[in-house]
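Here are a few exercises to work through with the model open in your viewer. Try each one yourself before reading the solution.

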Amino acid sequence: MNSKKNDLKSLELTVGDVFSKNARLKARNVNVFYGENKAIDNVTIDIGSKEVISFIGPSGCGKSTFLRCFNRMNDTIDSCVIQGEITIDEENIYDKKIDVVPLRARIGMVFQKPNPFPKSIYDNVAYGPRIHGLSDNKEHLDNIVEEALKRAGLWKEVSDRLSSPGTGLSGGQQQRLCIARAIAVSPEVILMDEPCSALDPIATAKIEELIHELGNEYSIVIVTHSMQQAARVSKRTAYFHLGKLIEVGKTKEIFTSPKHNQTEAYISGKIG
Amino acid sequence: MNKKIINPEDATNIVKNSILKRRSKDSRLKLFGRVAIGLAVCFLLFLFYSIFTKGYPGFFQYYVTLDINFDRERIDPKGDLSDNSLFDGDASTIVNESLFSVVEPKGRKEKKLAKKIVSSGKDVRIAKMVKDDPSLFGTVTQVKFALDDDIDSFLRGYIKRETPESERRINDKVIGFIDKLNEEGRISYEFSDYILSGSASGNPEMAGIKGAFIGSILTLSVCLLIAFPLGVATAVYLEEIAKKNRITEIIEVNINNLAAVPSVVFGIMGLAIFISIFGMPRSIPLVGGMVLALMTLPTIIISSRAAIRAVPPSVRDAAYGIGASKLQVIFHHVIPLAMPGMLTGTIIGMAQALGETAPLLMIGMVAFIVDIPNSVLDPGTVLPVQIFMWADFAERMFIQKTSAAIIVLLGFLISMNALAVYLRKKLERRW
C-alpha cells in the first residue's frame with residue numbers, strides 16, 4: 001500500500017469493494033498504454049487467495065490487456081507501457097529485480113484459443129516441469145503429468161494415448177490440456193483469457209466445472225464475454241468499461257443489484 | 001422506367017441463362033492452364049531428351065585391345081614397383097611394339113603415325129595394372145587402351161572417310177591402321193573408365209569429372225557449413241531478438257538487396273578479401289565455399305525469416321505463458337517449427353551455389369588442375385567450371401564430355417534436392 005491518497009483516488013472511480021482481506025495479487029493505479037493509446041486507466045483491484053474472480057465487459061474494454069499485466073505477457077509487445085504497481089505477495093512484479101521466467105511459473109495462463117504445442121500430450125504437460133526442473137526423475141515427471149491431467153479432468157480420456165499429438169484432441173480437450181499444462185508447474189494463480197470462447201456448450205460446461213474445482217486450490221482470474229459464465233464460476237466479478245474498472249463486487253450482487261448505472265446497462269444488455 | 005431490384009422469378013431466369021456463359025469461361029481457363037502446363041512439360045522433356053542423347057555417348061569411348069607382354073625387366077627395371085622405377089620403365093614401347101605387330105607400319109613416318117593411335121595414358125595404365133596385380137609379370141595379357149580422341153571421333157563418324165585427306169585430322173594411313181585393327185576385332189566401344197574416375201586433362205579421351213565432382217562436394221560442404229548456421233542465426237536474431245528500429249530496418253533492406261547482387265560481384269569480393277587481404281591460396285574449395293556462402297546467405301536468411309514469421313504466435317504465447325525464457329522459446333519451439341521452411345531456403349541456396357561459375361572464376365577455381373583434391377585446402381575446380389572449360393576446348397570429343405558432365409551435374413543437383421526434400425519431410429510433423 002504505497003499511498004493512501006492514490007487508493008482513495010481510484011475509489012472515486014470504482015464502485016464496490018476493490019480490496020480483499022487475504023489478497024494475493026494487488027494492482028494499484030495501473031495504467032497501460034499502447035503507444036499513445038491508453039488501454040487501461042487507473043485500475044486498482046485485489047485478487048484474493050483461492051478466489052475465482054471474473055472480469056467482464058464489452059469488447060475492447062481492456063479486460064484481457066489488464067489480465068496480461070499480471071504475468072507480464074504484455075512485455076512481448078514493444079509499444080506497450082505499464083505504469084502503476086502490481087504485487088504478488090507484496091512483491092512488485094514490475095520491479096527490475098524480478099525475472100519474468102519464475103514469475104510466469106507462479107502465475108500460469110490459459111489462452112482464448114486452445115494452443116497446445118505441436119508435441120505429444122505427455123510432452124505438452126511435461127514441458128513446464130522440464131524447463132523449470134521441477135521433477136527429479138522420469139518417474140516423478142510421469143507422476144506430475146498424471147496428476148496435472150487428472151486435475152484437469154483429462155486423464156481418463158487420454159491416459160491410453162499420451163504419446164499421440166496434443167493437437168489431435170478436440171477443442172475442449174485441447175483447452176483442458178492447456179489447463180493441465182498450466183497446472184503442471186504448480187502455479188499460485190491461473191489467468192484465463194476467455195477460455196471457453198472457442199468451445200461448444202458441452203466442452204464449456206466441463207471447463208466451467210473444472211474452474212469451479214480448481215478454485216479450491218488456486219487463485220483464478222477469468223476473463224469472459226459470457227455473463228452467465230461469470231455468474232456460474234466466480235465468487236467476485238469486476239466490470240470494465242473503456243479501460244476503466246467500473247464496479248467490483250460479489251458476483252451475486254453485481255448481477256442482481258449493480259450499484260453503477262453503467263454496470264446495470266451492461267448487465268441488462270443495453271451496452272456491450 | 002426506373003431500375004428497381006429485379007423480382008425473384010426474373011432473377012432466377014437471368015442467373016440460369018448466364019450460367020452457361022460462366023461455365024464456358026471456367027472451362028476456357030482450365031484449358032489455358034492445361035495447355036501452359038503441357039507446353040512446360042514438353043520443353044522439359046525436350047531439354048532432358050537432348051541432354052541425355054547428347055551426353056549419353058560421352059560416358060562411352062572406343063578402346064583397342066592389345067596383347068601386352070608384361071616383361072618385368074622392361075616395365076619395372078628396379079624391381080620394386082616404386083613410382084620411380086615404373087617411370088623409368090619402358091611400358092610405352094611395349095605397347096607400341098604390340099600395336100606395330102598388328103598394324104605393321106612401314107618406316108619411321110608410319111610408325112610415328114601409328115604410335116598416336118593409342119592414347120598417351122598407356123604407360124600410366126600399365127603401371128597401375130602391375131601395381132594392383134604384380135602377378136601379371138611374365139604373362140602376355142590382353143589389355144584395353146583408350147584410343148586417341150581423333151580416332152574416337154572418326155569411329156563415331158564425326159570425321160568422315162569421304163572428306164579429302166588434306167582436310168581431315170587423320171590421314172589415309174591412319175585410317176588404314178584402324179581398318180586393320182577393326183578387322184581383327186580389336187576395337188570396342190565401351191563404358192569409359194576415364195569419365196567418372198579421371199580428372200582434367202588436355203587429352204579429351206582421358207578427361208574425367210572426378211576432380212570437379214569432388215571439388216563440388218568440398219566447396220558445397222564448406223558453403224553449407226558456413227551459410228546454414230550463419231543464415232539461421234541471423235534470421236533468428238533479426239526476427240526474435242533484435243528490436244524493430246531503424247538499424248534493423250536498414251539491415252533488412254540491405255539483405256534483400258544482397259540477394260539480387262550478381263554473383264560475380266561476390267567473386268570479386270572474395271578475391272579482394274579472402275585472397276588479397278587474408279592471403280589465402282587461390283583455387284581452393286575453402287575459399288570457393290566461403291564465396292558461395294556469402295552468395296547464398298541472403299537467400300537462406302530471407303526464407304528462414306519467412307519461416308520464423310510463419311510460426312503461429314499462439315505457440316510462442318503458450319511457451320512464454322508457462323515461463324519459458326526467450327532462448328527456450330526459440331530453441332524448443334520456433335526453430336523446430338520453422339526448420340522445414342529454413343531447409344527449403346537452404347536447398348534453393350545450395351542449388352544456386354552448385355550451378356555457380358562466375359564467382360569461382362574470380363578466385364581462380366578455373367585453373368587446369370589434374371590432381372583430385374583431397375581436402376578443402378587442395379586446389380580444385382567444380383562441375384560447372386569444368387563444363388565451362390570443356391565447352392571452350394576445340395577437340396570434338398569434348399562436346400560429348402561436356403554433355404556427360406552436364407548430366408552428372410544434373411544428377412548431383414537432383415539427388416541433393418531429393419535428400420533435402422526427404423529431410424524436410426522427416427522434420428515436418430503436421431500436427
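pLDDT is the predictor's confidence in each residue, from 0 to 100. This is a predicted model, so local features need pLDDT of at least 70 and side-chain atom pairs count only at pLDDT 80 or more, while totals for chains, interfaces and linings use all residues. Residues are numbered from 1 along each chain as its sequence is written, and chains are lettered from A and ligands numbered from 1 in the order in which they are written.

**Exercise 1.** Find where pLDDT stays under 50 in chain A.

*Solution.* Then go to residues 1-11 of chain A, where pLDDT stays under 50. The model has 9 contacts (C-beta atoms, placed from the backbone, within 7 Å) beyond four places in sequence for that stretch.

**Exercise 2.** Work out how α4(A) sits against α5(A), residues 138-151.

*Solution.* First, the geometry: the axes (lines fitted to C-alpha atoms over the stretch in contact) come within 9 Å and cross at roughly 110 degrees. That makes α4(A) roughly perpendicular to α5(A) (65 to 115 degrees counts as such).

Next, the residues: A:Tyr122, A:Val125, A:Ala126 and A:Pro129 of α4(A) meet A:Leu141, A:Ile144, A:Val145, A:Ala148 and A:Leu149 of α5(A). Sorted by class, this contact has 9 nonpolar, no polar and no charged residues.

**Exercise 3.** How many residues of chain A are in contact with chain B?

*Solution.* Count both sides: 25 residues of chain A touch 17 of chain B. Then look for elements supplying at least two residues on chain A's side: α3 (100-106), β7 (107-110), α4 (121-132) and α7 (171-183).

Technical notes: Two residues are in contact if their C-beta atoms, placed from the backbone, lie within 7 Å. Helices (H or I, at least four residues) and strands (E, at least two) are DSSP runs, numbered from the N terminus. Axes are lines fitted to C-alpha atoms, for helices over the stretch in contact, and angles run from 0 to 180 degrees between N-to-C directions. Angles under 35 degrees count as roughly parallel, over 145 as roughly antiparallel, 65 to 115 as roughly perpendicular and the rest as oblique. Ala, Val, Leu, Ile, Met, Phe, Trp, Tyr, Cys and Pro count as nonpolar, Asp, Glu, Lys and Arg as charged, and the others, Gly among them, as polar.
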